[in-house]
Each structure stands twice: as C-alpha cells, then as structure tokens.
Amino acid sequence: MKILQWREKHVKEKTFILILALVVGVAGGFAALLLKDLIHNLSGFLTAHIEISNYNYNYLIYPVIGILLAGIFVRYVVRDNISHGVTRVLYALSQNKSRLKPHNIYSSVIASSVTIGFGGSVGAESPIVYTGAAIGSNLGSLFRLSPRLLMLLVGCGASAGIAGIFKAPIAGMLFTVEVLMIDLTAGSVMPLMIASVAGATVAYIFTGYELEVFFTQSEPFYTSGIPYVILFGIFCGFVSLYFSKVLNMMEQMFGKLKNPWLKFVVGSIILSSLIFLFPPLYGEGYNVMNQMLEGNLTQIFDGSIFYDYRNNTWLLVAFVGMILFTKAFATSATNGGGGCGGTFTPSLFIGCFAGFFFTLLINNLGLIDSTLSMKNYALMGMAGVMSAVMNAPLMGIFLAAEMTGGYDLFLPLLIVSTISYGTYKLFSPYSIYTQRLAQRGELLTHAKDRSVLTLLKIDSVIEKDFKEVHPDMTLREMCEVISQSNRNLFPVTDANNVLIGVVLLDDIRNIMFRPDLYDKMRVRKFMSSMPAKIEVGESMDAVMKIFDDTKAWNLPVVERGKYVGFVSKSKIFNSYRRVLKQYTYE
C-alpha cells in the first residue's frame, strides 16, 4: 500500500507504464526462452536415436504420452481450460476487464512444452502469447491499474512473447495491433515498442543472432514472375481457408465427445497415425522447414515408411501434398486429445509446404519455360498463409522477413500476403482466433463503436426504480402509484411477474383528473404494449439495433418473460461515453 502511494506521488502514470512495459518485455522474453529450451531439449532427447532409414514405432508412442501428460496436468493440476490461448486473451480483453489468472503465467509453458516436446503437431507461439499476456495482466493488477492500462500491459506481454520467440520485434508489435486489435496510438506505441524490443533483445543476448528459420536467397526474384506470384497468392488463400475450416470442423467433432478419455483416445489415434506415416508432422516442424529451405528435399522422408522411395520425383510431390493436406488434422487432434499448443507455427509450416508443393507441381509438369524458386515460394507461402489465417497481413509479411532475413523478397511477400488475405476474406470475415468470439458478440475490434458496445453489459444499464402496476388495479390506485413515483412509465405485470404491458403517463393524463372514472376504469383498459422486449444477457450491439428499429427511448428487460427492469437510451449513452473515455489511449 505504501509503495502504491509513493508511486502515485512521485512517478507519473505515463512514466510508470513505460517502466512496467520494460519489465513485462524482459519477463516475456525470458518466458519465450524457457519455453523454447524446454521444447528443444525434450524433443532432442526423445528423437536422438530415431532411425532415419526406416520407419519408427516411437512415432506411435511419443505423441500419445505427450498429450496424456499435458491433459492430466491441465485437468488435475491446473483445473482450468488453457487451450486456444490467443482466443482466451481476446476474451479477457473484451469480457473480463483484461484480467487473466496467475496460473496462466506458467501453466501454458508447462503444458505446451510437454505436448510439443513429445511430438504434438502444434506451435509454441499461442501459449507464449497467453503467458506474456498473463504476466502483463497480473503485474498491472498488482499495481491496481485501470482496465485501460491493464489492456495495454496485456498487449505488451503478448508483443514481448512473439518478439522473444521469433526474434521479431516489429512482428510482435503488429501481432498486438492486428490480432489482439489494440489500437496503435500516441499513448500505446511506446509501451508496445519497448516491450517488443526488450523481448527480442533478451532472445538475441542469450541465443545469438541465429534465426529460427535459415533462409539465404540464392535465386533472385524478377518482375516477370509476378503473374505466378499472384496465382500463388490465390492458392495460399484457399489453403488458408481449408486449414481454418478443418480446424473448426475437428473442434466441433471433439466438442461432441463429452468424455475426456474418449477425446484422448480419438486424438491419440489420429495424431500418432499421421506422424507415423508422415514424420515431418512431428512437433513444430522447424527442422523440416530448414532442411527444405536448404535444398535437402529428400530428408522429409527420414524415418518414414517411404524412405526407400525418396528419389521418386512424383512421390516427393505426393508426399509434400499429403503433409499439406493432413497438417490441419494433426494440429486439431493434438489439441482435441488433451494437448496444449497453438496454430501459429502450423500456419507457417503449411505455408512453407504450400510453396514447395506449388513449385514442385508446376516445375515437374513443365508448364512454364523457366523454373520457379522453391525456396522463395516457401518463404512467400509462410507469409501468405499466416496473413490469411490470422487476418494479419502486415504481421505475416514482417514476421516472414524478420525470422528468416528474407527482406530481398519484400515485394513478392507483399503481393502474396495481400492476395491471400483478400481471397480468404471473400469466404470468411473472421480469423481463426476471432471466429468463436465474433459469433457470440464478444469480440473487440478497431471499430470503436462496436468495441465499446462489446465492453458494455446489459446488466450495468438496467434501471429498476420503476413502480409496477397490475391489470386489475383501478385508476384511483394507479394515481396513488403515480404520486409516489418520479417516473412517467409504469410496467404492468401479472401475478407471476410476467410483463404484459406498460402504462405511459402521457396516455392517461386526460383521465387522471376525472374522479368519476377512478373506480370504473382499470389498468387493463388503458395499458399499451411495448414495441419490443430485451432479454437479459443480450449483447449491447443487438440492444442498440432494437432501439434503432423501434425508435423507442425506453425498452423493458425481461428474463424468460418475467419483468426485470428498463433500459433507456440516455443511460446507455452515458455509459457509452464513460467506457469510451476509459479505454481510449491519449
């Protein structure tokens, strides 16, 4: 308490936020380092003795152990759902005042490292976003910061996590802007930059300048190849759409399985079978991507049942195509079976393989005179698929460039990402992270009006100081109720508290001063119906649409027909202004 009082007296809020952003950035960077080390050490230990020239039954066992251990940890130790990390961060921003639980600082790191280390076909980036966001949220809560500043620190933590794990500070900041949809303003840009740079700096200090994906451009890009780049961008858009649709379909399938052990059995069978047939699906897949980018295409057959046929050109095309086709199923099975991981790296993996499949197919069919560069198109595919799947074209472009050093391909990266993103948006308005929340009206966006309405809750604007009347009451009794109220609107309810109408003061003003009617007229004679009713729990966006459609100023709120209270436009507008001011960065 004394520390908080001293801080409020001696340290300005803006300065304090910059200090916290630095702390969150450094912590996020170390969390990313820890997660990467755990995954690489565990995976390296388990696969050190894998036989590359033959199939390996270990691929049937390791992934099952991984999702079993992760599932037990989550179910019996954490006792909370920590899957879909980015979606849960988005939910916390829009529905929980940017507050995340303390266990989110470590639970995702442990569960995802076990899952991926044992071969789960998911990525570590979504868990590190969850971890970094939790660091920012809990540090801000410790200092009792407002929801507006708490939201900013959540963004700082997410930026630091992405920047630290990829050594990509620009992509880290763009992730917060495009995916978490935190506004980049004069008040938010500096904290986000500080956190991203701090996270990347920690990674560079402790692991050197070696990048996650090794890319050396040995084949220049010529503008004559732009038509093929455009065609490839469209291809990436449809690949991204396929990836998202399969993930949603599989998630719904696993959602129908209520028994967690049944989910584990189904997920294990799908995952281990796919990895046994296609070993490149094991783990994150960075080793495979690096081998292919170095030109060692046949190494993707290492440890598979197809090893003896690795020099068959068309088998290579088919093998790459099958990996491209099955990666979404492997990722879904990992999470659905009880594992913990994200779709961030899988989208990069699929983009890389989309580039190789596209170029292998065209080059071997002899459709063009020249030969397309497989390496260049693999890098473009990484940017294109990520841009579309996450609805984040700028982040996709800069992440692909930063994590590989492929800045010389900036023009084709821009073209592929833009076209892929545009193709995806034609068929799906939301990213893989935002679709669930958007369907429930719980998504914050850069559209201020919609975001503020998302933050507003119907419960906070219900007014309950209206005097209820009943249909059998006389005009005399009605006048007595009016004399005790400062409202000009009176809900009419029956014996079961069901709302059946309303009495407006203006409608009975002409008979209120007729004593001869006091005992003759009853409420049911002069009550009127309301133009609409609002259900408890309805989104504020839907409420405002009802107000716009009915042109009403006050509307009743009911819960399964029973009267609860009223909402008024004036109350909503006052709350709207308060929330807008609270969440706007100066």
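Me: Which residues does Gly-136 touch, not counting residues up to four places away in sequence?
Reply: This is a predicted model, in which local features need pLDDT of at least 70 and side-chain atom pairs count only at pLDDT 80 or more, while totals for chains, interfaces and linings use all residues. Residues are numbered from 1 along each chain as its sequence is written, and side-chain values use heavy atoms, with hydrogens and water left out. Gly-136 is found in helix 6 (residues 125–142), helices (H or I, at least four residues) and strands (E, at least two) being DSSP runs numbered from the N terminus. With contact meaning heavy atoms within 4.5 Å, and leaving aside residues up to four places away in sequence, Gly-136 touches Val-24, Leu-150 and Leu-153.

Me: Is Gly-136 buried or exposed, and at what relative accessibility?
Reply: The C-alpha atoms of Gly-136 and Leu-153 are separated by 4.7 Å, although these residues are 17 residues apart along the chain. A residue is called buried under 20% relative accessible area, exposed over 50% and partly exposed in between, with a 1.4 Å probe and protein chains only. Gly-136 therefore counts as buried, its relative accessibility being 0%.

Me: How many Å apart are the end C-alpha atoms of helix 3?
Reply: The expected span of a helix is 1.5 Å times one less than its number of residues. Helix 3 (residues 58–78) has 21 residues and should therefore span 30 Å. The model agrees with this, since the end C-alpha atoms of helix 3 are separated by 28 Å.

Me: What arc do the buried residues of helix 3 cover around the axis?
Reply: The buried residues of helix 3 are Tyr-59, Tyr-62, Pro-63, Gly-66, Ile-67, Ala-70, Gly-71, Phe-73, Val-74 and Val-78. They lie on the same side of helix 3, because the arc they cover around the axis, taken from the directions from the helix axis to the C-beta atoms, is only 160°.

Me: Which helices do the buried residues of helix 3 pack against?
Reply: An α-helix has 3.6 residues a turn, so residues three or four places apart point the same way. In helix 3, Tyr-59, Tyr-62 and Pro-63 are among the buried residues. The buried residues of helix 3 pack against helix 2 (13–47), helix 5 (107–117), helix 11 and helix 13 (313–336).

Me: At roughly what angle do the axes of helix 10 and helix 11 cross?
Reply: Met-250, Met-253 and Phe-254 in helix 10 (residues 226–255) meet Lys-263, Val-266, Gly-267 and Ile-270 in helix 11 (residues 260–277). By class, this contact has 5 nonpolar, 1 polar and 1 charged residues, where Ala, Val, Leu, Ile, Met, Phe, Trp, Tyr, Cys and Pro count as nonpolar, Asp, Glu, Lys and Arg as charged, and the others, Gly among them, as polar. Axes are lines fitted to C-alpha atoms, for helices over the stretch in contact, and angles run from 0 to 180 degrees between N-to-C directions. The axes of helix 10 and helix 11 come within 10 Å and cross at roughly 145°.

Me: Which strands stand at the edges, each with a single partner strand?
Reply: Two strands pair if DSSP finds at least two bridges between them, and an open sheet of 3 strands has the order 3-4-5, with mixed pairing. Strand 3 pairs with strand 4 (residues 554–559) in the parallel sense over 2 bridges, while 6 bridges join strand 4 to strand 5, which run antiparallel. One side of each edge strand is left without a neighbour in the sheet, because a single partner strand is what each has, and these edge strands are strand 3 (534–535) and strand 5 (562–568).

Me: Which helix lies across strand 3, strand 4 and strand 5?
Reply: Within the sheet, the bridge partner of Glu-535 is Val-558 in strand 4, and Glu-559 stands opposite Lys-562 in strand 5. Strand 5 is mostly covered, with 6 of its 7 residues buried. Running at about 135° to strand 4, the helix that lies across strand 3, strand 4 and strand 5 is helix 23 (residues 540–550).

Me: What is the relative accessibility of Arg-560?
Reply: Arg-560 is found in the loop between strand 4 and strand 5, a hairpin with 2 residues between the strands. Although Arg-560 is not a glycine, its phi is positive, about 55°. Arg-560 counts as exposed, because its relative accessibility is 76%.
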